[in-house]
Amino acid sequence: MDISLIRNFCIIAHIDHGKSTLADRFLLYTGAINEREFHNQMLDDMDLEQERGITIKASAVRIDYRAEDGKKYCLNLLDTPGHVDFSFEVAKSLSACEGAVLVVDAAQGVEAQTVANLYLALEHRLKIIPVINKIDLSNAQPEKVMQQIRNILNLRTEPITFASAKEGIGVEEILERVVKEIPPPQGDRNSPLQALIFDSVFDNYKGVIVYVRVVNGYIKKGMMILFMGTGKVYEVQEVGIFQPRPLSVEELSAGEVGYFTANIRQPKEVNAGDTVTQAEYPAKEALPGYRSMHPMVYCGIYPVNPKDFPLLREAIEKLKLNDAAFVFEPESSSSLGPGFRCGFLGLLHMEIVQERLEREYGLNLILTTPSVKYRIKLRKGETVEVDNPSLFPSAVNIAEISEPYVRAYLIIPQDFLGTVMEFSLSRRGIYKSTEYLGEGRCRLIYDIPLAEIIVDFYDKIKSMTRGYGSLDYEFTDYRKTELVKLDILINGKVCDALSSLVHREKASLKARSLVTLLKQYIPRQLFEVVIQAAIGSKIIARERIPPLRKDVTAKCYGGDITRKRKLWERQKEGKKRLKQFGNVEIPQEAFLAVLKIT
């Protein structure tokens with residue numbers, strides 16, 4: 001294919017600004033799909049994406065477009081997620097493109113993730129095409145949003161296209177701008193093969209399906225290829241493109257985006273960011289790849305039935321293939337048996353991984369309380385990193401504890417400034433600055449402990465600002481803190497799966513919330529259940545679940561009271577024995593409810 005007729009571009013935006021709808025319109029307009037095949041979110045092929053109305057995985061598709069100049073162009077489009085938890089998917093997509101369509105909602109305006117995604121695209125030196133979408137809405141203010149793009153995003157000279165993806169307005173104009181303004185890819189078909197892996201999935205029949213952007217050379221069926229990161233050699237079985245369904249082709253050459261299979265059965269042998277080259281004539285050096293993403297949130301994932309552990313391990317390895325930002329390592333819990341300690345980019349990322357494991361692999365799972373990674377300096381002088389409460393050292397051995405801080409960028413209406421500032425301070429936020437963006441909006445900047453924002457911070461900001469607030473954050477550094485380990489005891493036995501690391505000031509409040517919540521979710525037993533929260537040996541909160549009572553004197557009609565007392569005493573002794581040896585089953589709902597307590 002003539003490389004000058006190829007355009008590789010992606011769509012970036014804040015969550016729910018219309019990226020997937022615009023991608024759907026491109027497919028319909030260019031005839032990649034017809035009206036009969038069409039449904040909303042065509043490129044979001046996961047059930048979870050359809051149900052939640054969000055994009056989780058970046059999707060690639062090739063569309064053929066005949067432009068006004070009469071030439072037929074090959075457009076490789078990547079639709080990306082908008083949520084901050086999936087920023088790694090955006091970064092991967094940008095590495096495979098030369099340009100980006102930046103979509104801004106005509107009613108919501110520029111939001112935090114709009115700014116973050118623009119800066120990410122500019123880092124990759126992409127050509128930006130700004131588009132104001134949803135101009136058909138009754139509360140749309142395109143002129144006002146255009147000023148925001150000029151002032152906040154500093155895109156002063158770029159022409160701005162007005163569009164409505166839902167109504168199909170402006171679609172042709174955007175495609176014409178893609179063809180005219182985005183440069184064709186640079187590359188040489190006759191150079192040694194260099195292809196960047198930007199994603200992969202596992203297929204039970206074909207093995208690992210590897211998604212690549214070919215930078216130099218070409219790749220075709222029967223070729224022996226080398227993965228430069230792992231040193232593994234394979235024979236290519238199939239080469240193809242997405243239109244949007246997989247379609248086999250003869251070869252992929254420089255500048256093209258597609259996939260190949262090579263009967264790869266071990267998911268861990270394929271890594272996003274690795275370079276594929278020809279085994280016989282390898283390239284001299286690998287492509288730059290991706291900046292590795294470090295997990296922000298950690299939690300334990302355990303099968304409800306310990307016998308399912310091998311299935312969980314297999315499922316996690318396959319899921320990791322499709323989600324490079326997800327990390328895991330085996331661990332064991334005295335309460336829950338064998339499982340994995342997993343790292344995520346945020347709480348939504350964690351929820352999505354859990355739902356995918358349960359739906360796609362039929363597993364029944366329990367997740368422990370999420371935590372962040374703390375740095376602990378011991379009195380001996382060494383420093384350890386702890387993300388699991390069970391590994392927290394004894395207080396007598398600790399010299400200093402540091403916790404991760406993030407810089408949070410909040411774009412909110414000015415009317416809610418006081419409320420949001422008060423809430424941010426309650427989460428131990430350190431105020432940095434306020435920028436007034438015009439049109440009644442402002443940007444607040446805070447340094448906040450990561451542990452304070454991972455659970456419900458974004459939800460609270462949304463509800464406080466009536467849906468108009470937005471959040472973006474980036475890791476800054478570690479700072480000294482006062483931390484304690486909060487243990488939950490069920491009938492005197494520590495349940496390590498419910499233990500958590502909390503700031504000393506908030507320990508009492510969290511302890512009271514936890515025991516009250518567990519009392520609601522743990523069913524009554526035939527014996528008394530005592531729930532306690534403790535810091536070390538000190539009990540700071542307690543609740544009691546009374547036993548189910550069987551009326552042992554129901555058959556006694558009248559007679560001497562001593563006969564009834566004997567039966568009650570015998571029942572009392574039996575309940576004491578049950579409490580000593582009986583196990584309290586903690587339902588999964590209790591673990592899930594605990595996740596929502598900050």
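Me: Contact means heavy atoms within 4.5 Å. With that in mind, which residues of H11 are met by Thr419, Val420, Phe423 and Ser424 in H9?

Reply: This is a predicted model, in which local features need pLDDT of at least 70, side-chain atom pairs count only at pLDDT 80 or more, and totals for chains, interfaces and linings use all residues. Residues are numbered from 1 along each chain as its sequence is written, and side-chain values use heavy atoms, leaving out hydrogens and water. Helix H9 covers residues 417–426 and helix H11 residues 457–464. Their contact brings the four named residues of H9 up against Phe457, Lys460, Ile461 and Met464.

Me: How many helices and strands are there in the chain?

Reply: Both kinds of element are DSSP runs numbered from the N terminus, helices being H or I with at least four residues and strands E with at least two. By this assignment, the chain has 14 helices and 31 strands.

Me: How many residues belong to the largest nonpolar core, and which of them have the most contacts inside it?

Reply: Such a core joins buried Ala, Val, Leu, Ile, Met, Phe, Trp, Tyr and Cys residues through side-chain atoms within 4.5 Å. The largest has 50 residues. The residues with the most contacts inside this core are Ile301, Leu312, Phe344, Leu357, Leu410, Leu450 and Phe457.

Me: Which strand gives the most to this core?

Reply: The leading contributor is a strand that spans residues 398–413 and supplies six residues to the core. That strand is S23.

Me: Why does Leu444 count as buried?

Reply: Leu444 is found in strand S25, which runs over residues 441–449. Buried means under 20% relative accessible area, exposed over 50%, and partly exposed in between (1.4 Å probe, protein chains only). Leu444 therefore counts as buried, with a relative accessibility of 0%.

Me: Where does Lys134 lie, and what is its phi?

Reply: Lys134 is placed in the loop between strand S5 (127–133) and helix H5 (142–151). Phi of Lys134 is positive, although the residue is not glycine, and is near 65°.

Me: Is Arg428 buried or exposed?

Reply: Arg428 sits in the loop between H9 and strand S24 (430–438). Its phi is near 65°, again a positive value in a residue other than glycine. At a relative accessibility of 16%, Arg428 counts as buried.

Me: What share of contacts between residues at least 6 apart in sequence joins residues at least 24 apart?

Reply: The chain has 598 residues, and buried residues make up 55% of them. Among the contacts between residues at least 6 apart in sequence, the share that joins residues at least 24 apart is 70%.

Key
Axes fitted to C-alpha atoms, helices over the stretch in contact; angles between N-to-C directions.
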